[in-house]
Amino acid sequence: MAFSSKTKSKKNLTLLHPITRTLVSESTNIFLSVQEINQLNSFELRQEVLNSSKKYRCIIRECIQRLESTSNRNDDYVSSLCDVFYTTELCWHLCEILYLEPVPGDVILPLLKRWIQFHFVNYESIAVKIMKYQDSEEAVSNVDTESLVPDYWSTIFGLLCQGNSQLACKLVELHSKANTSAFIKAIKFLKYIPEFDNLDAQSVIEFEHSWQTWRSKVKSDVEAGTFSPDKNLETAMKIIIGDMSVDKVLRKHSASWYQYLIAKLLYTQPSIKSSQLEHYVTDAMKLYRVSENPELLSILLKSLLEKDLLTSTKGFLNMTDNCWCATHLTNLLQIGQYIPVNSSTNERLDKKLIIGYGKFLIESEVFWEIGVLYLRSCKQEGFQVLKTVLPEIQLDNDYVAKKVLRIAHENNLFSVVQSVCSKRSEKYIELGRYVDALAWAIKGKNHDLAASLADIFLNNYVETHEMPLLEVVDHLGTKALFVDRLMFLVKFVQYCNKKNKKEFTDGLSLLIDLLVNNMVPTYFKLTYFMEISTLLSSSLTEANKTDLVQILHSIEDYSNEFEAIPMNEDDKNTKQKYDEFLKKINPLRKQVITLLALASLP
């Protein structure tokens, strides 16, 4: 697998590609389950952390496979995404091996060998092709395999550098000279290379003794010239005993310093402990001339091999995956107690990363609901960030707004509820949809906005005598009681409904109650009295003496208020309004006095 040394990904878009989006959604379930395992005992906890790590890596690999299979595989952007996640999984896997995998006796090379073989399969792929070709009808018996397959020995050397001695042995067995004594002996040595196997309850001392015994036998034959008739075979034998004379061959067949490092240690110090790796990393990097100005991948792998978690975390943060890897991997390490909690501040390293990642998801708009889950996992700190970022979510429609409201209510973020409702209300005001605007203002208990919208409906009634709220007033109910003006509007709409149903007596009673409670806005009073006049003119209305007295008192109060307004005799507009007022109010006054006189008759 090739890794780009300079991944030029569009950092802010890495997780927003249609294919990589699945990485975000699928990893969320793992993350949430990981947060619930703290109550397990130490052994079970670490086992669950390891299992979760493997699940995360499985998701990464599936993402890579989908990217590779896309029709746009050669597109620069898609290619850069592949590079990002190749690198992510390579480094994550190494971290998993060094920290999360239980390693008996701390003999780390068997796991590192597996790591290299898993991620760099070019030699294995060629070997499989060679063996398939040898089995085909095209292969001619007794023809030298070296001439038949030009990459034959190079593939064997590469396999040995990766510790894949059994596959290398199978290739050697295909050689036309496989029946000669030199090859027979070499094949035997390759087949029985000692490997540390904790399943056999083998101790480190027993393994070292077995390996040294085997190595002495191979070295003795190499020095005796047993393999000298075939220089390539001899080179292969020198590789497996760690002979310095073939160091250039190791370097040639190891594409990177870390592959070379593992190849070198496999045949010189096979029982090396993970804590000893740091002594050999720098030398390997120098050989490949990457120590002076290392790129991100080298920095990451170096820090991991040297067990420097702080530098590793910083390296993961610099990857162009929107901190996906740094957040989830650090969280695993923290929960598995591989990263200690700050003793002085009791602060966890992963919490800031989780909050940062959650904030990114919310700001991305695509994953805002998932982002909320990450922030909520951080308890109080996360709630504080939620309070800031939730109001910034793009509210494209009521469906999204209601989702944000639900989350805000669940977390008792009432300031967010008000902010969201106000935004939706203002949006509907812009569109001229005042009914919807009022509904949202009421949801958010926005006093000023609700009162302003109530005035819009009442003023519209003054002009048109139409009330668009007739169908929705029952849904407002007690929700409207938090603003006097809104409560008046609701009551007046109820009156309009009664008038439409010709329930005039009940309608008049409702209007008088509002007068008594002094709830009628000044600008609406004249219109209001005209509504009363209309009801009193109907034979369907029954008005008692008390109601009529109250109406008459209200008319006089309103007349006194109107006449108390300073008037300029030269102001034609003011004079016209006063004349119009008298023209409307005087007939009502006479109407009420007449009805009152009739009501007083015995």
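Biologist: How many cavities of 30 Å³ or more does the structure hold, and what volume does the largest cavity have?
Modeller: In this predicted model, the cavities of 30 Å³ or more number four. For the largest cavity, the computed volume is about 180 Å³.

Biologist: Which helix gives the most to the lining of the largest cavity?
Modeller: The lining is made up of 14 residues, and those nearest the centre of the cavity are Lys-113, Ile-193, Pro-194, Glu-195 and Leu-266. Two helices, α4 (109–119) and α10 (204–223), each supply at least two residues of this lining. The helix that gives the most, with three residues, is α4.

Biologist: How many residues in the lining of the largest cavity are nonpolar, and how many are polar or charged?
Modeller: Among the residues nearest the centre of this cavity are Lys-113 and Glu-195, together with Ile-193, Pro-194 and Leu-266. Over the whole lining, the division is two charged, two polar and ten nonpolar.

Biologist: At what angle do α13 and α15 pack?
Modeller: On the α13 side the contact is made by Trp-257, Tyr-258 and Leu-261, which meet Leu-297, Ser-298, Leu-301, Lys-302 and Leu-305 of α15. By class, this contact has one charged, one polar and six nonpolar residues. Two packed helices are described by both the distance and the angle between their axes. For α13 and α15 (residues 296–305), the axes lie 10 Å apart and the angle is about 35°.

Biologist: Why does Thr-330 count as buried?
Modeller: Thr-330 belongs to helix α17, which spans residues 324–335. Leaving aside residues up to four places away in sequence, Thr-330 touches Thr-313, Cys-325, Ile-339, Leu-349, Asp-350 and Leu-353. Buried means a relative accessible area under 20%. Thr-330 therefore counts as buried, because its relative accessibility is 2%.

Notes
Residues are numbered from 1 along each chain as its sequence is written. This is a predicted model: local features need pLDDT of at least 70, side-chain atom pairs count only at pLDDT 80 or more; totals for chains, interfaces and linings use all residues. Side-chain values use heavy atoms; hydrogens and water are left out. On a 1 Å grid over the protein atoms alone, a cavity is a set of points where a 1.4 Å probe fits but cannot get out, and a pocket is an open set with protein on both sides within 12 Å along at least five of seven lines; lining residues have an atom within 4 Å of a point. Grid points are joined across faces, edges and corners, and a volume is the space filled by probe spheres set on the points. Helices (H or I, at least four residues) and strands (E, at least two) are DSSP runs, numbered from the N terminus. Ala, Val, Leu, Ile, Met, Phe, Trp, Tyr, Cys and Pro count as nonpolar, Asp, Glu, Lys and Arg as charged, and the others, Gly among them, as polar. Buried means under 20% relative accessible area, exposed over 50%, partly exposed in between (1.4 Å probe, protein chains only). Contact means heavy atoms within 4.5 Å. Axes are lines fitted to C-alpha atoms, for helices over the stretch in contact, and angles run from 0 to 180 degrees between N-to-C directions.
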